[in-house]
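Please find below a colleague's note on the model.

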Amino acid sequence: MLSGGIVLLHDNARPHTAAATQELLDQFGWEIFDYPPYSPDLAPSDFHLFLKLKKFLGGERFRSDEELENAVTTWLNELAEEE
């Protein structure tokens with residue numbers, strides 16, 4: 001991941017989220033990682049996995065918990081094969 005250029009990890013402090021700062025970072029073309037929420041039971045790798053899972057599940061509707069579980073299990077298996 002780091003071989004592709006600069007990756008910036010910064011928190012949600014006011015100066016970092018200001019419009020002028022965001023415009024400057026866009027001009028630089030730097031990739032920005034969202035700052036993970038504080039949770040002692042989540043590793044940073046879990047945080048990024050959940051972002052992908054959120055995109056996968058976006059707009060989906062499941063008729064049962066079992067259907068959801070099967071969809072997520074299938075998605076995780078496909079992700080493991082890709083990675």
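1. Basis of the note. The model is predicted, so local features need pLDDT of at least 70 and side-chain atom pairs count only at pLDDT 80 or more, while totals for chains, interfaces and linings use all residues. Residues are numbered from 1 along each chain as its sequence is written, and side-chain values use heavy atoms, with hydrogens and water left out.

2. Confidence. The pLDDT (the predictor's confidence in each residue, from 0 to 100) averages 77 over the chain, and 65% of the residues score at least 70. Strand β1 (residues 7-9) has the lowest confidence, with a mean of 65, whereas α4 has the highest, at 90. Where pLDDT is low, the predicted coordinates should not be read in detail.

3. Architecture. The chain contains 4 helices and 2 strands, in the order β-α-α-β-α-α along the sequence. Helices (H or I, at least four residues) and strands (E, at least two) are DSSP runs, numbered from the N terminus. Among contacts (heavy atoms within 4.5 Å) with a separation of 6 or more, 38% join residues 24 or more positions apart.

4. Burial. Of the 83 residues, 11% count as buried; buried means under 20% relative accessible area, exposed over 50%, and partly exposed in between (1.4 Å probe, protein chains only). In α2, 1 of the 10 residues is buried, so this helix lies largely in the open.

5. Aromatic pair. Phe56 and Trp75 are stacked, at 5.5 Å centre to centre with 20 degrees between the planes. Rings of Phe, Tyr and Trp (its six-membered ring) pair if their centres lie within 6.5 Å; planes under 30 degrees apart count as stacked, over 60 as edge-to-face and the rest as tilted. The pair links helix α3 (residues 44-57), which holds Phe56, with helix α4 (residues 65-82), which holds Trp75, across 19 residues. Phe56 is partly exposed at 30% relative accessible area, whereas Trp75 is buried at 11%.

6. Trp30 lies in the loop between α2 (19-28) and β2 (31-33) and counts as partly exposed, at 31% relative accessibility.
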